[in-house]
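Subject: Handing over a structure, with notes

Dear colleague,

I am passing on the structure below, and after it you will find my notes on what was found. Please keep it open beside you while you read.

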Amino acid sequence: MNKQSMLQRTLQVLLITGISISAFSPAYAEDKAEKPKLVLQITVDQFRGDLPTRYADRLGEGGLRYLLEEGIHYNNAHHAHANTETIVGHVTLATGAHPAAHGMIGNIWFDRTTGLTTYNIEDPDYSLLTKGADVDADTEIDPTQKAASSDGRSPMTILTTTFSDELASLTGGKAKIFSVSIKDRGAVSMAGHTGKAFWFSKPANEFVTSNYYYDDYPQWIVDWNARKLPESYANTAWELLHPIDTYLFGDRDDQEWETALGSFGRTFPHEFTTPENPYFSTYLTISPAGDRITTDLAKTVIAEEGLGDDEITDYLGVSYSATDYIGHFFGPSSLESEDNILQLDRTLADLFAYVDKEIGLENTLIVLSADHGGPEAPGYLKSIGIPAEYVSPDEWDTAPAVARIKNKFGIEGQMIEGYDHPYLYLTSDVINDSDIDLAALETTIAEELVAFPAVSYAVPSTSLERGTVPDNGLTRAVLNNYNAARSGNIYVVFNPGWFISNYDGLALAAVHGSPWRYDTYVPIIFAGYGIKPQKVSRRVHTVDVALTLATAIGTKPPSGAAGEVLLEVLGQ
Ligand SMILES: [Zn+2]
C-alpha cells in the first residue's frame, strides 16, 4: 500500500467510524472554535451575479473585496425556479427547497379558499405590534405589498423548515436566531418559524414585528426606534461617494427610462426631504441609507441579544433591499446602481468590522447571495443595440381569443379569474365544471397566449402534473415553481428582455421575475470560519446554500432541501 492509498484508507476508516475528519482538513485551522459561533446569512435583493465584481477595481477594503478575495466565490450560481421574485428567492435560500415544496410560488397568488389575491407572508392572526405601521396604499411603491388585506405577518405560509429552524431544533431552541430587513418578506423568510424577525415600516419610520414573534417589543428595539436614526437623514440627500468622472455611468445620470418619484428625481443629488413628506422613508429605502439603517439594527441585535457569545451557534439573517429598489427605479446599469454598489461595499465593511470585533470573522460563517438577479432597462439595452421591450397586456386585444376559447368549450360565464404574475388563474366555476376537459382548455389558452408577440412560452399546469411538457431547463424551472394549492392554471413567460413594468400606475425602469438568465443569476459567496479562498465556476444553485449550512453546522437537512452540498465550503 503506497502512502497515497494508506491516507485514503485511513480517511475511509475515519468516515465509516464517524470520526470527524475536520481536524485533518486544511480548511479548519486548529485555533478555531469547534463550530462557528455565528452563521451570518446576507441576502442582497436583486444583486445579480455579475454585480459584485463589476466595479471590483474601485472596491474598498473589508467589504465585497474581503468576500471576493478571502471567500469561496461561486460565480455561476442560479436560482432553479422560474418565478424570480423576492419571497421566492429568499425562502429558497433559507430552506434549500424549491418553491414547489416551500410553497412561496410568488410575491402574491390567488387563494382559492378565500377568493382573494394574497400577499405571501400575510397572516391576519398575527398583527403588527405597532399601531399605524401597516402598509399605506397611497404611498407604497411595491404593488405586491398592497395585496395584503390585513397588517398581520408570520412565516406560517412557509411549508418547509429553514436552516435556522434546523439550528433551533438541533440546539433545543438555545440558538439565538434573528433577522432584519427593510422588507417584511426579507426578514420573515430568513428567521424561519423559530427566529425573530424585524422589518421597516415606512409609514411609522420604525422597525416593527408582529405578535407571532413577541407579545411586547424587547426594550432594545424600543430604544433603537427612539433614537430616530431614519429621521437623521432629514434635509440631506443621496450624494455620490466619489467624483462623478470616476464612474462608468458618470455621463449617463439622466436617462428617460429612469423612474422619477416626486422630489427624489432621477439625477444626483437625490433629496430625502423631511419626515413630513409622505415619501421621506420611501426615498431612504431607494438609496444606500436604507442598507445603512438595516446594518445599524443588525449590529444592535448582535450586541443586545449576545449573538455569538457562547459555544452554541447562533444565526443572523440580514437582507439588504436598496439594490432592489434602485434596480427597479433606475436599472442595474445606471449611475445610481453603480454608486449604490460602491456604498453597499462600505456598508458590508462596516458590518464585517463590527462582527470581527464582537465575535471574530474566524468564528463566523458568512454566506452572501441574492434572492434574484434583474433585467436591464429596455431603454438601456436599446441604447446599446439590443432588442428589448416593455409588455402591456392591458392594451392587448384579448377579446377575440377569449371568445374563440369559450365558444369551443361551451363556457358561458367568466373564464379567467385573473393574472397574478406569473400565473393565469381560471375561475373555480370553470375548473369545477366536470363537462370541461381542463387539460384541453389550458392547452388551448396556452396556444392562444403564445400567439401574442410578447409571449415566449405558456405552460399549462395540468401538463406539468401529467409530465407531458418537453423536458428542458425552462420547463424544469416552471415545474420547480409549481405548487398545486397555490399555482395558477397557466405559467406565462415573456420574451427575454421583455417584462411588464406597470402594474399599478408607477412605471418602473426594470422588473425581474422571469426564468431568463439575467434574473436567475446570483452570487453565492461563503467566507469566514474555515473558508479558504477559491473561485468556483461550476454551475451551482441557490437550493444548495441551506443544505451546505446544515451540513457545515451538523444539523439535519431542512425538510424540503433539494440541493447539493457545496463541498468546497467543507474544505473537501
Ligand atoms: Zn427581491
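Asn 235 is found in the loop between helix H8 (219-226) and strand S8 (237-238), where helices (H or I, at least four residues) and strands (E, at least two) are DSSP runs that are numbered from the N terminus. Phi of this Asn 235 is near 60°, which is a positive value in a residue other than glycine. At 62% relative accessibility, Asn 235 counts as exposed; here exposed means over 50% relative accessible area, buried means under 20%, and partly exposed lies in between, with a 1.4 Å probe and protein chains only.

Before going further, please note that this is a predicted model, in which local features need pLDDT of at least 70 and side-chain atom pairs count only at pLDDT 80 or more, while totals for chains, interfaces and linings use all residues. Residues are numbered from 1 along each chain as its sequence is written, and side-chain values use heavy atoms, with hydrogens and water left out.

Most residues other than glycine have a negative phi, and most peptide bonds are trans. Thr 273, in the loop between S9 and helix H9 (280-285), has a positive phi of about 60° although it is not a glycine. As for the peptide bonds, a cis bond joins Phe 268 and Pro 269, with omega about -5°, and Pro 269 is found in the loop between S8 and strand S9 (270-271). The bond from His 421 to Pro 422 is also cis, with omega near 5°, and Pro 422 is found in the loop between strand S13 (416-420) and strand S14 (423-426).

Phe 110 has Thr 117 in S4 as its bridge partner. Four residues lie between the strands of this hairpin, in which Gly 115 takes a positive phi near 75°.

In the loop between strand S4 (116-119) and helix H6 (163-170) you will find Ala 137, which counts as partly exposed because its relative accessibility is 47%. Ala 137 and Ala 147 are ten residues apart in sequence, and their C-alpha atoms are 9.4 Å apart in space.

Finally, is helix H7 (residues 184-191) mostly covered or mostly uncovered? Helix H7 is mostly covered, since eight of its eight residues are buried, among them Arg 185 and Met 190. Gly 192, with a positive phi near 65°, follows H7.

With best wishes

Definitions and conventions. Two strands pair if DSSP finds at least two bridges between them.
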